[in-house]
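Biologist: I am new to this structure. Could you take me through a few of its features?

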Amino acid sequence: MLLSHCTINFHCLLPNTLHLLAVSVWIGTLSVVAWFTYDWNETRRFFRWFSVVATLAVIVIIGSGFMLMAAIVPEYVQSWLLSYGQLLVMKHLLFVPLLVFGFHHFLLGVSKAEFENKSRLITSFRIESLIALHVFAISALMTEQTPPHEVAQTLQTGRISVFMRLFIGDHVNIGAIHLLHLE
């Protein structure tokens with residue numbers, strides 16, 4: 001389902017489409033090269049175009065991600081009380097090593113040095129694709145959670161995540177609203 005947790009309108013359709021397309025281009029290409037390349041002689045040529053494509057894809061992912069967060073999770077920090085918000089934080093934290101690997105690969109692509117150890121490069125691509133697979137798994141889990149369009153309202157009908165209850169208990173103050181989760 002392309003629209004995931006957004007209401008059906010143009011403001012969600014466009015960022016969702018761009019997000020999915022950019023991730024598919026970046027991680028899809030990377031994964032195919034990482035797992036299905038055996039005799040790779042054209043590394044320089046590949047890096048010349050893929051560095052540009054991947055950089056544009058990351059820019060689109062970040063931009064569309066902010067647009068989606070504005071629509072789905074306007075109260076980002078408060079959403080950490082819910083499973084959806086915690087999964088979103090995990091997804092963002094896993095995005096950091098993806099950016100580090102991507103930046104490393106970008107630097108390799110713009111450098112003039114030849115690639116002496118292509119198997120090490122392929123291993124690096126494989127690690128990046130496996131991290132991306134974990135991001136996809138977290139995204140799949142997020143589709144099964146209630147999105148926190150308004151955290152206070154969501155907590156009236158939903159539960160505080162188990163992890164957060166370990167730290168703060170069942171009583172939550174959000175602004176002037178005091179919510180008590182009744183079990």
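Modeller: Start with a definition: a residue counts as buried when its relative accessible area is under 20%. Keep in mind that this is a predicted model.

Biologist: Which residues of H4 are buried?

Modeller: The cut-off is under 20% relative accessible area. By that test, the buried residues of H4 are Leu 121, Ile 122, Ser 124, Phe 125, Glu 128, Ser 129, Ile 131, Ala 132, Val 135, Ile 138 and Met 142.

Biologist: How far apart are the end C-alpha atoms of H4?

Modeller: H4 has 25 residues. At 1.5 Å a residue, H4 should span 36 Å. The model agrees, with its end C-alpha atoms apart by 36 Å.

Biologist: How are H2 and H4 oriented, roughly parallel or roughly antiparallel?

Modeller: H2 covers residues 43-72 and H4 covers residues 118-142. Their axes are 13 Å apart, and the helices pack at an angle of about 30 degrees. Angles under 35 degrees count as roughly parallel. Therefore H2 and H4 are roughly parallel.

Biologist: Which residues of H2 and H4 make the contact?

Modeller: The crossing of the two helices, H2 and H4, is left-handed. H2 contributes Thr 43, Phe 46 and Phe 47 to the contact, and H4 contributes Lys 118, Leu 121 and Phe 125. By class, the H2 contact with H4 has four nonpolar residues, one polar and one charged. The residues asked for are Thr 43, Phe 46, Phe 47, Lys 118, Leu 121 and Phe 125.

Biologist: Does Gln 86 count as buried or exposed?

Modeller: Gln 86 is found in helix H3, residues 83-110. Among the residues Gln 86 touches are Trp 80, Phe 163 and Met 164. Its relative accessibility is 16%, so Gln 86 counts as buried.

Definitions and conventions:
Residues are numbered from 1 along each chain as its sequence is written. This is a predicted model: local features need pLDDT of at least 70, side-chain atom pairs count only at pLDDT 80 or more; totals for chains, interfaces and linings use all residues. Side-chain values use heavy atoms; hydrogens and water are left out. Axes are lines fitted to C-alpha atoms, for helices over the stretch in contact, and angles run from 0 to 180 degrees between N-to-C directions. Helices (H or I, at least four residues) and strands (E, at least two) are DSSP runs, numbered from the N terminus. Angles under 35 degrees count as roughly parallel, over 145 as roughly antiparallel, 65 to 115 as roughly perpendicular and the rest as oblique. A crossing is left-handed if the near helix is turned anticlockwise from the far one by less than a right angle, and right-handed if clockwise. Contact means heavy atoms within 4.5 Å. Ala, Val, Leu, Ile, Met, Phe, Trp, Tyr, Cys and Pro count as nonpolar, Asp, Glu, Lys and Arg as charged, and the others, Gly among them, as polar. The expected span of a helix is 1.5 Å times one less than its number of residues. Buried means under 20% relative accessible area, exposed over 50%, partly exposed in between (1.4 Å probe, protein chains only). Lists of a residue's contacts leave out its neighbours within four places in sequence.
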